[in-house]
Amino acid sequence: MIAVFRLRDGSLRAVSAVCPHKGGPLADGQIDNSIVVCPLHLFAWDLATGCSQSGQAPINVYPVREDEGQILLGE
Ligand code: FES
């Protein structure tokens, strides 16, 4: 499962939807311009790199773009 977020500037980010900590729903997490915060224990990951900001395992980051109204994952 992949979570896709649209940032305030309109750009898209796509990351693993399942939190590597205890399986929380990252797709339901709060975001700002650079991080997603898991709703279960509030650990944060960088949306661009997937790196944890709290010492957890990284999350996968996927290329995502929009083309004529369709969201496309992959290169
Ligand atoms: S399950 Fe996501 S931070 Fe714990």
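1. Residues 1-73 come out as 0% helix and 38% strand, with the end C-alpha atoms 12 Å apart; helices (H or I, at least four residues) and strands (E, at least two) are DSSP runs, numbered from the N terminus. UniProt gives this span, residues 1-73, the feature "domain: Rieske", from an unreviewed entry. Its positions follow the numbering used here, feature names are shortened, and annotations may be inferred rather than shown by experiment.

2. Bear in mind that this is a predicted model: local features need pLDDT of at least 70, side-chain atom pairs count only at pLDDT 80 or more, and totals for chains, interfaces and linings use all residues. Residues are numbered from 1 along each chain as its sequence is written, and side-chain values use heavy atoms, with hydrogens and water left out.

3. On to the inside. The largest nonpolar core has 12 residues, among them F5, L7, V15, A17, W45 and L47. Such a core is a set of buried Ala, Val, Leu, Ile, Met, Phe, Trp, Tyr and Cys residues joined through side-chain atoms within 4.5 Å. In soluble globular proteins, nonpolar side chains tend to be buried together.

4. A17, a member of that core, sits in the loop between strand 2 (12-16) and strand 3 (30-31). A17 counts as buried because its relative accessible area is 10% (buried is under 20%, exposed over 50%, partly exposed in between; 1.4 Å probe, protein chains only). Not counting residues up to four places away in sequence, A17 touches M1, I2, A3, G24, P25, L26 and A27, where contact means heavy atoms within 4.5 Å.

5. L47, also in the core, has contacts that include F5, L7, V15, V36 and D32, leaving aside neighbours within four places in sequence. D32 lies in the loop between strand 3 and strand 4 (35-37) and is partly exposed, at 39% relative accessible area. D32 and R6 are 26 residues apart in sequence but 9.9 Å apart in space, C-alpha to C-alpha.

6. Now the surface. I2, V4, I71 and L73 make a nonpolar patch with about 310 Å² of accessible area together. Strand 1 (2-6) and strand 8 (70-73) are the elements that each give two or more residues to the patch. Patch residues have over 30% relative accessible area and no salt bridge, with nonpolar side chains (Val, Leu, Ile, Met, Phe, Trp, Tyr) joined within 5 Å and like charges within 9 Å; a salt bridge is a side-chain nitrogen of Lys or Arg within 4 Å of a carboxyl oxygen of Asp or Glu. V4, in strand 1, is partly exposed at 36%.

How values were computed:
Areas by Shrake-Rupley, 256 points an atom, 1.4 Å probe, with all protein chains shown as cover.
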